[in-house]
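Please look at the sequence and the structure shown here, and keep both in view while reading the report that follows.

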Amino acid sequence: MQIPVAGSGKHTRTSVLVVDDHPSVCEMLRVLLAGEPALCIVGEARDAKHAIDFNEQAHPDLVIMDLGLPDIGGIEATRTIKTHTPQCTIVILTVHEELYYVVESLKAGAAGYVLKRTMSSDLLTAIEATTSGGQFVSPMANSAY
């Protein structure tokens, strides 16, 4: 897997913000992404408000966003982040397979949509595709899309 390194001189690695209200998911993401030298987790947020605040301060290259957050939710957080920092890449990581969530996430500005149940096989592919300017939707969700 060849994940591109973000930036031009400023960054040597793609900075990643993880947004999920479940500590176990954050831990799995830390383990999964630790083996990728081009990626660096620079922060974690347990809700959308903290994700938006962190994004405005640190401007990560990539946000991995859960939809089911305890406050405003991942779709609205995605819309807000993309409004303030349109260059930020957002990949949704969720349990929701319904077409509605796929479409609304992409309309809000997400470039990727990965199901948690396929995270280990799809997330790195999604990151590679989206940080290169493309889109990715997990095949299980894509069957409805």
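## The paired strands

Valine 18 stands opposite glutamate 44, a residue of strand E2. Strand E1, residues 14–19, pairs with E2 in the parallel sense over six bridges, where two strands pair if DSSP finds at least two bridges between them. The strands (E, at least two residues) and the helices (H or I, at least four) are DSSP runs, numbered from the N terminus. In general, strands of a sheet pair through backbone hydrogen bonds, either parallel or antiparallel.

This is a predicted model, in which local features need pLDDT of at least 70, side-chain atom pairs count only at pLDDT 80 or more, and totals for chains, interfaces and linings use all residues. Residues are numbered from 1 along each chain as its sequence is written, and side-chain values use heavy atoms, with hydrogens and water left out.

## The whole sheet

The open sheet has six strands in the order E2-E1-E3-E4-E5-E6, with parallel pairing. Its edge strands are E2 (39–45) and E6 (136–137), each of which pairs on one side only. Helix H2, residues 48–58, packs on the sheet and touches E1 and E2, and the direction of H2 makes about 130° with that of E2. Contact here means heavy atoms within 4.5 Å, and angles run from 0 to 180 degrees between N-to-C directions, with axes being lines fitted to C-alpha atoms, for helices over the stretch in contact.

## Two buried residues

Serine 15 lies in strand E1 and counts as buried because its relative accessibility is 9%; buried means under 20% relative accessible area, exposed over 50%, and partly exposed in between, with a 1.4 Å probe and protein chains only. Apart from neighbours within four places in sequence, serine 15 is in contact with Cys40, Val42, His59, Pro60, Asp61 and Leu62.

Alanine 77 has its place in helix H3, residues 74–84, and is buried, with a relative accessible area of 0%. Leaving aside neighbours within four places in sequence, alanine 77 is in contact with Ala48, Ile52, Met65 and Ile72. Alanine 77 and lysine 49 are 28 residues apart along the chain, while their C-alpha atoms are separated by 7.7 Å.

Helix H1 (residues 23–34) and helix H5 (residues 119–131) pack at an angle of about 60°, with their axes 11 Å apart. In this pair, Met28, Leu29, Leu32 and Leu33 of H1 meet Met119, Leu123, Leu124 and Ile127 of H5. The residues of this contact divide into eight nonpolar, no polar and no charged, where Ala, Val, Leu, Ile, Met, Phe, Trp, Tyr, Cys and Pro count as nonpolar, Asp, Glu, Lys and Arg as charged, and the others, Gly among them, as polar.
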